[in-house]
Structure formats: structure tokens, C-alpha cells
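Visitor: I am new here. Please show me the structure, and then let me ask about it piece by piece.
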Amino acid sequence: MFYREAGQFKTSYAADQSIFPILQDRIGIAIILAVAFIGIPLFATNFFISTIMIPFLILALATIGLNLLTGYAGQLSLGTGAFMGVGAYACYKLTTFFPDADIILLVLASGFVSAAIGVLFGLPSLRIKGFYLVVTTLAAQFFLEWCFIRIPWLYNYNPSGAIEAPARRGLNIVLTGPGANATARYLVVLTIVVVMTWIASNLVRGRIGRSWMMVRDMDIAAELMGVKLFQTKLLAFAVSSFYCGVAGAAMVFFWLGATEPTAFSINLSFQILFMVIIGGLGSLVGSFLGAAFIWILPAFLRAIPSVFGIAIGAETVEHLSFIVIGALIIAFLIVEPHGLARLWQVGKQKLRVWPFPY
């Protein structure tokens, strides 16, 4: 009754191909964007913005990147963390070469460096696939990690081996460094994520996205129907690496401020992969749901004992949150292997026919 599309007619091709053809979806998206762009900057604390919202958005962006490659194009990868590291180190070098350039442009430009590296390591996908491709991307993960540690030029010969985000401006506002405002950083990250999500949604609904899904479902049949596997697979690696590179650069410059090569280890790749699996393969909404499940839910679980005045040690709370999250992951995968996005679709379908069962 509350989510019914009866009576909503489409009178043009543009209306028929719109991203949100149902009125209730457009209202829901408008409310979410209003809360994100207006409500959170006005009422949320700097701690909440810096520790919850900014990392959530950055991880969601990286999850979208991996979902484009794995969920839509069917190319398995365990090198997400390394490609995020390529974006972070590329942005660090770009800030060194162009100290007066807008930091937002440098963050976006670092994605192209990551895309070029992604295409290079995507070449084996032309000959191998499945588990063997996973091993190849795992090798890329270890090789790039080695580069981050063993090539001093990448971190400007810093004795600590870490990269630190210098104070840089974007749109005439200090966005990086110790003096950067949390709300300004949040709004920049939010704008980047919204725009890139909109681009990804149009990409997967068009010719390129259909080619990716054809290759994912049956690559031989897709080739017989005229899809060029060479360009299609490499384009998937390039676009995915671009998203991961931008996420990695934003992670260092808008969130952490400084980091070491261990931040882009295989653990980060597994974390992003879990977000994709739990959120739902082949779903942009699932990318946000998976990132929220992995990043935001543990923060709330850790805050529950203090809300009820229960005195528990910090280490115990941390371990309990790991246990609860692990149990919830297993439960979700048993109940709905297609992820949270599928549960969201089922809920929408139930609302369409409510209160009737059919």
C-alpha cells in the first residue's frame, strides 16, 4: 500500500529508462541525500563524521569498484587493497609534483594511475579465469605491497616509510592536513561518492554494463554474439581500479591523514570482498549496505554496553563485537546468500502487495 507503482505511467523513453522510475524511490533518495548533505553536517559531531561517516563512504566507494569487477563482470580479484594503495601513493606523489593544484583534482587523477596498473594486472584475465585469476590478483597484491615498502621514491625517502597528507586546498578550503575541517572533508567525500555512484549506475545500465554481464554469465556465448572479450575485461579492470584508486587516495588524504604500507595489506582486500559478498554481488545498493554492515554495525555494538551503563573492558567489547559480527555474517549468508541487497528487494516486493499475500 505504501510502495505501490500502480497509476505511475511512463510517457517517454527518458522516463522509461530513468534510474528511479517509481515515485517512492525518488522521494526516498531525496530524503537520504537531504540527511547526508544537510542533516549530518548540521547536527553530527566531528567525531561521528570523522570515525563513522567518512570511512563508511570511502569503503563503500571501494566496494563499488570491486563490485563492478566481480559482481558485474565476473572477474574475481583479491587485489583491491593494493589498487587502493596505488591510488594513495600516486596522489601523494602528485601533491609533491603539483603542490598548488586542487587536491580534489589530484585525488581523481590518482584514479587514472591505479586504472593503468589495474589494466596491467588484468591482462592475465584474457587467458585464465576463476580460481587461477584469484591467485594472479593475489600475486598483484603482494607485489604492489612489496613496491610500497621497498621503493623509497614512492614515500619521498621518508625514514619512517609512511606517507603523510600535507596541507592542501580544494575549492579554496583546506581539506587535508591537521587543520582540515571534518565537515568540509565529509562533504567533499560525499560529493565524490554520490557522483561516482551515479556514473556507475549509468555505466552498468548501458552497453558496457550489459557486455560485462554477458561475459560474466557466459563468455564464450558473449564472444559469439560479438562482444570483444579483450576490451570488455580490461575495461572492467580499469574502471574497477579507478574507483579503488580514488577510494585509496581519499582514505589517506580525507580520512587517515597518514598511513603505512600495512594499511593496504591483504586484510583490506578481504574486508572489501566481505562487503561485496554480504551486501550483494552485482548491486550498487548492496555495496553501501555491505560497507555499513562491516563498518558501522561494529561501532554501534561497541557503544551498546556504555549506553546501558555496563562496565566491560574495551578488549572484551572488541572481542564480543567480532563474535556478534561473525555470527551475523554466517546467519545472513545462510538466510540469504545473495546478500542484503536481495533482502531489500524482497522487502520492496512485499510492500508492493501489502496487505495482500499475492
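Guide: Helices (H or I, at least four residues) and strands (E, at least two) are DSSP runs, numbered from the N terminus. This is a predicted model, where local features need pLDDT of at least 70, side-chain atom pairs count only at pLDDT 80 or more, and totals for chains, interfaces and linings use all residues. Residues are numbered from 1 along each chain as its sequence is written, and side-chain values use heavy atoms, with hydrogens and water left out.

Visitor: Where is Asn-156, and what is its phi?
Guide: Asn-156 sits in the loop between α6 (131-150) and β1 (163-164). Asn-156 is not a glycine, yet its phi is positive, at about 55°.

Visitor: Which loop holds Asn-172, and what is its relative accessibility?
Guide: Asn-172 also has a positive phi, near 60°, and is a residue other than glycine. Its loop runs between β2 (169-170) and β3 (173-174). Asn-172 counts as exposed because its relative accessibility is 70%.

Visitor: Which residues does Val-174 touch?
Guide: Val-174 is in strand β3. Val-174 counts as partly exposed, because its relative accessibility is 28%. Contact means heavy atoms within 4.5 Å. Leaving out residues up to four places away in sequence, Val-174 touches Arg-168, Arg-169, Gly-179, Ala-180 and Asn-181.

Visitor: How many Å separate the C-alpha atoms of Val-174 and Gly-28?
Guide: Along the chain, Val-174 and Gly-28 are 146 residues apart.

Visitor: Is Ser-201 buried or exposed, and what does it touch?
Guide: Ser-201 belongs to helix α7 (residues 182-205). Its relative accessibility is 11%, so Ser-201 counts as buried. Not counting residues up to four places away in sequence, Ser-201 touches Ile-19 and Leu-284.

Visitor: Which residue forms a salt bridge with Arg-216?
Guide: A salt bridge is a side-chain nitrogen of Lys or Arg within 4 Å of a carboxyl oxygen of Asp or Glu. The structure holds 1 salt bridge. Its closest N and O atoms are 3.1 Å apart, and the partner of Arg-216 is Asp-217.

Visitor: How exposed are Arg-216 and Asp-217?
Guide: Arg-216 counts as partly exposed because its relative accessibility is 33%. Asp-217 counts as exposed, because its value is 54%.

Visitor: How many helices and strands does the protein chain have, and what is its radius of gyration?
Guide: The protein chain has 14 helices and 4 strands. The globule rule gives 21 Å for 358 residues, so the chain is as compact as a globular protein of that length, with a radius of gyration of 21 Å. That radius is taken over C-alpha atoms, and the rule is 2.2 Å times the number of residues to the power 0.38.

Visitor: What percentage of residues count as buried, and what percentage of contacts join residues at least 24 apart?
Guide: Of the 358 residues of the protein chain, 46% count as buried. Among contacts between residues at least 6 apart in sequence, the share joining residues at least 24 apart is 75%.

Definitions and conventions
Buried means under 20% relative accessible area, exposed over 50%, partly exposed in between (1.4 Å probe, protein chains only).
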